[in-house]
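Let's take a walk through a protein model together. Keep the sequence and the 3D view open as you read.

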Amino acid sequence: MQNIGIFYGSSTGKTETAAKLIQAAFGEDIASAIDVASAKSQDVEQFKNLIFGASTWGIGDLQDDFEDFLSDLSNTNLEGRKVAIFGLGDQEAFSDSFVDGVGEIYEQLGNKNCELIGGTSIEGYEYDASRAEKDGQFVGLILDEENQSEMTDERVTQWVTQLKNQFN
Ligand SMILES: Cc1cc2nc3c(=O)[nH]c(=O)nc-3n(C[C@H](O)[C@H](O)[C@H](O)COP(=O)(O)O)c2cc1C
């Protein structure tokens, strides 16, 4: 497995903490965690394997720094890259827009020449609507530090095991 770039956007630090957990699960020698607030979209080109992570704010809005990063990414070549997405949200307080930001990342990457991997089961979550759910499953890893923080470690471990088999 080649180098992995974990690019994240985080407003109060929760997605940043999750990015570092994911980095540790792969090993710091092969995975880098990069805050998109201080990254350029071209920085992704040095990685064959990419992980994008962001929280959701407002009502279903992608985290601000990640929104900017994603719009810059439209000029970046992702050909041949495998990309997995993760996101944080609050399924109780924002049950109608749960982790919608993850859905937005997924939808925008759909126009790019990359392979999207890392879908997970919706079992164990309770919400009314989420743009991150497509065809009955989540398009990435979903974490909820407000309501299910005790499940984060196990969810990260399982997801990273899944990705290790799929990444280049
Ligand atoms: C004002 C506000 C709006 C939010 N809107 C949403 C939302 O629409 N959907 C959702 O799933 N979570 C929402 N959240 C929850 C955050 O996504 C959650 O707290 C997340 O862990 C924050 O991660 P960060 O610190 O990395 O930015 C909102 C939280 C706040 C305070």
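## Before we start

This is a predicted model, where local features need pLDDT of at least 70, side-chain atom pairs count only at pLDDT 80 or more, and totals for chains, interfaces and linings use all residues. Residues are numbered from 1 along each chain as its sequence is written.

## The domain

An unreviewed UniProt entry places "domain: Flavodoxin-like" at residues 4-164; UniProt positions use the numbering here, feature names are shortened, and annotations may be inferred rather than shown by experiment. That span is 28% helix and 25% strand, and its end C-alpha atoms lie 10 Å apart. Helices (H or I, at least four residues) and strands (E, at least two) are DSSP runs, numbered from the N terminus.

## Around the ligand

The ligand is surrounded by 23 residues, the closest being Ser10, Thr12, Thr15, Ser55 and Gly89. To count as near, a residue needs its C-beta atom, placed from the backbone, within 6 Å. Helix 1 (14-26) and strand 3 (49-57) are the elements giving two or more residues to this shell, and strand 3 gives the most, with three.

## Helix 4

Helix 4 covers residues 152-166, and its 15 residues reach 21 Å from first C-alpha to last, close to the 21 Å expected at 1.5 Å a residue (the expected span is 1.5 Å times one less than the number of residues). Its buried residues are Trp159, Val160 and Leu163. They sit on the same side of helix 4 because they cover an arc of only 105° around the axis, taken from the directions from the helix axis to the C-beta atoms. Buried means 20 or more other C-beta atoms within 10 Å of the residue's own, exposed means 12 or fewer, and partly exposed is in between, with C-beta atoms placed from the backbone.

The face turned away from the buried side of helix 4 carries the exposed Glu154, Thr161 and Asn165.

Helix 3 (residues 100-109) is mostly covered, with eight of its 10 residues buried. Among them are Val102, Gly103 and Tyr106.

Those three turn up again at valine 139, which touches Val102, Gly103 and Tyr106, among others (contact means C-beta atoms, placed from the backbone, within 7 Å). Valine 139 lies in the loop between strand 9 (137-138) and strand 10. Why does valine 139 count as buried? Because valine 139 has 27 C-beta neighbours inside 10 Å.

Key
Contact = placed C-beta atoms within 7 Å. Lists of a residue's contacts leave out its neighbours within four places in sequence.
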